[in-house]
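This report works through one protein model, from local strand geometry to totals for the chain. Please keep the sequence and the coordinates open while reading.

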Amino acid sequence: MEHLSAIKGAKVLMVGAGGIGCELLKTLALSGFQDIHIIDMDTIEVSNLNRQFLFRQSHVGQSKAKVAREAVLRFRPQISITPYHANVKDSDFNVDFFKQFSVVLNGLDNLDARRHVNRLCLAADVPLVESGTTGFLGQVTVHIKGRTECYECQPKPAPKTYPVCTITSTPSKFVHCIVWAKDLLFAKLFGDKNQDNDLNVRSNDSASSSDHSEDVFERKKDEDFEQYAKRIYDHVFGHNIESALSNEETWKNRNKPRPIYVKDVLSDEIQQNGNVDKTPATDNSSMLSAMAYLGLKNPQDIWSLKENSRVFFAALKLFFSKRQKEIGNLSFDKDDHLAVEFVTAAANIRAASFGIPLHSLFEAKGIAGNIVHAVATTNAIIAGLIVIEAIKVLQNDSKSCRMTYCLEHPSRKMLLMPVEPFEPNKACYVCSETPLVLEVNTHRAKLRDVVEKIVTSKLGMNLPLITHGSGLLYEVGDDLEEDMVANYAANLEKVLSELPYAITGGTMIQVEDLQQELVCNINIKHREEFDEEKEPDGMVLHGWTQAPAAENKDTATSSSNNGASTSSTSTTLVPTDMEEDDELTILETGIETIAAGKKRKLSDVSNSETPIPTDDKRAKKIAEHAEDDVVVMLDDEKKNSR
């Protein structure tokens, strides 16, 4: 009866109404919760329907939060559900808003929003139950101010990145070819023409060797399409490869790629493959398909080089003949079938050139869309565990709270591994207010560099206010007077040591986010030089914990605009990156096997190159709940990823 009383009197905030959110709302309603509020900024997409069971085909394009409410009220009409079709980072959802709730339940899909909710919960002193799933894996963690670690007490992995030189010149994995096809080639052909692009667009002809040589991607007036398509194909898969081969030093320890030209693959077939005038007329661009025209039916078949080339030309022609008005404004969308066909074909042709195994459209779509295919049952299990932990919190029974990990393979005949919550990390700058240290050249770096590279990017502040002593150097807000805005804008362009309240080595600045009610003190340490390759920001922040990116330490371009970024259809025990949808967890870079309290590197159990940093105390605590062969997942985080 005690837990029923706690449930009925609770006011619950759910953040996220996707894969986990649908299951969670249903479970909350059936468990007796009477007052539920839901925040979700997303609308329903076709790709959601296979697992987000509260939605139907007729709901596509509508608000997830509002449709979820309507669906649940059909079988629980007596309860109160308040939907908000909005971003949880909006100013309306401030600390006072959070204070009205008994507990907050997260079903989010990105690091930035999770950090924001964590900070608001700390400021409002409201317990937070975090969650995430990826495939068969999942986890639920409980965060109570002063009693358990907060969401940011432990490192989170950086979004997976790939060096530009690897993508453009020396790909060694299929994911590199996908990134090239999606973020460079597709963007160049169909996206914003003025956007920076690392793709080589200049002709290799000696007559066009000057800086003013023409852009081969520009279609000439009245140019025959087949000729234009052939020129693009030969340039990106032939001339560019030959250009790369001219640098012999690059290939001393690598297998040389082979240039591929249309004449070597299709001969005279391009005239036939380019002719798509007989495709069925349709007003729905998402229904256009190069596969359908070419008679390719199974998306799990691996196409030959010839078939990939035919799909490449057919897809290109469909874009230019049927979707001409969209060209210049397109960005890759995993739900755009024609875009997926084009990227798959282009990536496979490039893979063939570099001796990389080809992949099916099904596999390529998973990589290009950062998809780890969802398992609805895992979402249901995690949603149930969230409610169990929420009930414990509402009963003030924090001693019984557990972080629970859902495993893919049984351990001690168990698929669910409960672990006692960890104590707050005394070095955490979020919940313990430990000062940070910033190494920076105060005579070269501008205040703008600190704001963009440190305050917003690494510390995740939305409305920062920066002070030095009694002097206010920078502030963001809608209620600022024009002269103040102009003054702060001028400060952004000043070198740190030349600010009105000079920032030099040995000084301390205070950075505050008024919305999150978070305050960070940063000690400044002057440093003259930085390694451009290893320290590309030109400054280093200490005390801010984030796990290193799994792919490479070099300056790189992200494989995804999402952050989370990112891609994985890998066969590792836990993929480094997750699908952009919220039924997928924000996990650490993998699974760690703890044997008798000993730490093991992630590379011992997966293909990842990055070990999970685990302190002795944490490893010992997990070991108390595990036998020698227990596999345990540690903290969560995504990409990538929206």
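## Hairpin of E14 and E15

In this predicted model, Glu 517 takes a positive phi near 55 degrees in the hairpin of E14 and E15, which has 4 residues between the strands. Strand E14 covers residues 508–513 and strand E15 covers residues 518–526; they pair in the antiparallel sense over 6 bridges. Two strands count as paired if DSSP finds at least two bridges between them. Helices (H or I, at least four residues) and strands (E, at least two) are DSSP runs, numbered from the N terminus.

Strands of a sheet pair through backbone hydrogen bonds, either parallel or antiparallel.

## The sheet

These strands belong to an open sheet of 6 strands with mixed pairing, in the order E13-E12-E14-E15-E11-E16. Strand E13 (471–475) and strand E16 (539–542) stand at the edges with a single partner strand each, so one side of each has no neighbour in the sheet. From one strand to the next the twist averages 25 degrees, where axes are lines fitted to C-alpha atoms, for helices over the stretch in contact, and angles run from 0 to 180 degrees between N-to-C directions.

## Helix H14

Helix H14 spans residues 361–368, and its buried residues are Leu 361, Ala 364, Gly 366, Ile 367 and Ala 368. Buried means under 20% relative accessible area, exposed over 50%, and partly exposed in between (1.4 Å probe, protein chains only). The buried residues of H14 pack against helix H7 (174–190), helix H11 (290–294) and helix H13 (337–353); a contact means heavy atoms within 4.5 Å. Just after H14, Asn 370 takes a positive phi of about 60 degrees.

## Cysteines

How many disulfides does the model have? With a disulfide defined as a pair of cysteine sulfur atoms within 2.5 Å, the count comes to 0. For Cys 150, the closest cysteine sulfur is that of Cys 431, at 3.8 Å, which is too far for a bond. For Cys 428, the closest cysteine sulfur is also in Cys 431, at 3.7 Å, again too far for a bond. Cys 150 is buried, with a relative accessible area of 4%, and Cys 428 is buried as well, at 3%.

## Totals and confidence

The protein has 18 helices and 20 strands. Of its 642 residues, 55% are buried.

The mean pLDDT, the predictor's confidence in each residue from 0 to 100, is 80, and 77% of the residues reach 70 or more. Over residues 205–212 pLDDT stays under 50, and the model has 2 contacts for them beyond four places in sequence. Residues 622–642 also have pLDDT below 50, with 118 contacts in the model beyond near neighbours in sequence.

## Conventions

Residues are numbered from 1 along each chain as its sequence is written, and side-chain values use heavy atoms, with hydrogens and water left out. Local features need pLDDT of at least 70 and side-chain atom pairs count only at pLDDT 80 or more, whereas totals for chains, interfaces and linings use all residues.
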